[in-house]
Amino acid sequence: MVIKKYIFAFLVLSTFSCSMQNDLLKKTLASDNPNIKRVMENPKQYELQIIYTQIVRDKKGAISFKDYTYHLNAKTYFYPASTVKFPIAVLALEKLNTIPNTSINTSYTIEGNTDKIKFSEEISKVFAVSDNVASTNLLEFIGFDFVNQKMKEKGLFPFRLSHRLSAPDSRNPLVKSTTIYKDDQTIEVFPSKLNESPVPLALLGIKKGVGYRDMEDKLVNTPFDFSKNNYYPLETLHNTLKRIVFPQAFKEEERFKITEKDRAFILFSMQNLPKNAGFDPITYYDGYCKFFMFGDTTANIPSNIKIYNKVGTAYGTMIDCAYILDQENKVEFMLSATILANKDGVFNDDIYEYESVSLPFLAELGRQLYDKSRQ
């Protein structure tokens, strides 16, 4: 009978402890901090979606996840912006691994440009400063169809890549030919390829706002149509990160087909700060691409905090998807969020509330979850 009482007490204590731990996201969103309260007073206006994940390890070290979400809905569209560069970078290495005598340091050229570029350097730029040209260079090598097919095969769906980012003729389904300069001094040419044209998306919120600025900067008083744009729901993005950080938690067919060395390079690139990647530390301060915790400050990130992430910013939408680790203080969690701040409802006018609403919210969200995880 005494043993049963102890077991019951343990179960009650464990349940209470888990309940308190599980409540971290809910408690954070109920914060009186003005940066959070401002958004939570009207989350629908900001099209807020969040995923917070606790990392659970059993006695044998096996990984599992406990996800907690807020307004998560893959059928409600948000523009994914630069987050699509994440799978482009990883899948460039997956394709490269199918070509003998190549590595992350292999060089290649793209049709119409004789300048040699390295895969490692382009991937580094994609994560350090979210470079648009670098992601386009990688995409010309792999193509739209390759990305879409591989993501679906791994269970990373729904997803749709249909255009390049800030590139001339961005929607052209024809990718250019590329020439690979192999490590054994031989070359291989990959011909240009015509990819499938995208089918318009039919999702909630696919048409947004009250108007937009066209290519000639004229105001068009109809909602902005995103139906032919890229599509990367928050859960798909979050699950992409899980597969990179913890591939062992997934079936073989769900993982990216890259080497451990390649995965280590991706992880290093994701947490590497711009100043360590050769960029000007004044323009590209530590929090430049680290929206959670540090997006609203130019202060240096403490060396004990590692943030493995990919951000996106465009058309008033801000996204961050991150694995946050502080081994010194035993903090470890994943966090993804998207927020739209476009008060005037006009798209493509470069008038958005990134600095006054989005960055303060995302930074404070990350800080509070980090602080609560330390307690």
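**A helix pair and its surroundings**

Author: Let's start with helix 5 and helix 6, which are oblique to each other. Here angles under 35 degrees count as roughly parallel, over 145 as roughly antiparallel, 65 to 115 as roughly perpendicular, and the rest as oblique. Bear in mind that this is a predicted model: local features need pLDDT of at least 70, side-chain atom pairs count only at pLDDT 80 or more, and totals for chains, interfaces and linings use all residues. Residues are numbered from 1 along each chain as its sequence is written, and side-chain values use heavy atoms, with hydrogens and water left out.

Now the geometry. Helix 5 covers residues 119–128 and helix 6 covers 132–142; they pack at about 130 degrees, and their axes are 8 Å apart. Helices (H or I, at least four residues) and strands (E, at least two) are DSSP runs, numbered from the N terminus. The axes are lines fitted to C-alpha atoms, for helices over the stretch in contact, and angles run from 0 to 180 degrees between N-to-C directions. The crossing of helix 5 and helix 6 is left-handed (the near helix is turned anticlockwise from the far one by less than a right angle; clockwise would be right-handed).

Who does the touching? On the helix 5 side the contact uses F119, E122, I123, K125 and V126, and on the helix 6 side A134, S135, N137, L138 and F141. By class, that contact of helix 5 with helix 6 has six nonpolar, two polar and two charged residues. Contact means heavy atoms within 4.5 Å. For the classes, Ala, Val, Leu, Ile, Met, Phe, Trp, Tyr, Cys and Pro are nonpolar, Asp, Glu, Lys and Arg are charged, and the others, Gly among them, are polar.

Helix 5 is largely enclosed by the rest of the structure, because eight of its 10 residues are buried. Those buried residues are F119, S120, E122, I123, S124, V126, F127 and A128. Buried means under 20% relative accessible area, exposed over 50%, and partly exposed in between (1.4 Å probe, protein chains only). After helix 5 comes S130, with a positive phi near 55 degrees.

From here, follow the aromatic rings. There are 26 aromatic pairs in the structure. Rings of Phe, Tyr and Trp (its six-membered ring) pair if their centres lie within 6.5 Å; planes under 30 degrees apart are stacked, over 60 edge-to-face, and the rest tilted. One of these pairs, F65 with F246, is tilted, at 5.9 Å centre to centre and 55 degrees between the planes. F65 sits in strand 2 (residues 63–70) and F246 in the loop between helix 8 (234–245) and helix 9 (260–271), so this pair ties together parts 181 residues apart in sequence. F65 is partly exposed at 23% relative accessibility, while F246 is buried at 4%.

L241, I244 and V245 of helix 8 meet R263, I266, L267 and M270 of helix 9. That contact of helix 8 with helix 9 splits into six nonpolar, no polar and one charged residue.

There is also a cluster of rings: Y77, Y79, Y212, F224, F226, Y231, Y315 and F347. F347 leads on to N342, which touches F347, I351, Y352 and E353, not counting residues up to four places away in sequence. N342 is in the loop between strand 15 (331–340) and strand 16 (346–347), and at 12% relative accessibility it is buried.

Last stop, L359. Its C-alpha is 5.5 Å from that of D296, 63 residues away in sequence, and 9.8 Å from that of I319, 40 residues away. D296 lies in the loop between helix 10 (291–294) and strand 13 (306–314) and is partly exposed at 35%. Neighbours within four places aside, D296 contacts L359, P360, A363 and R367. I319 is in strand 14 (residues 317–326) and is buried, with a relative accessible area of 0%.
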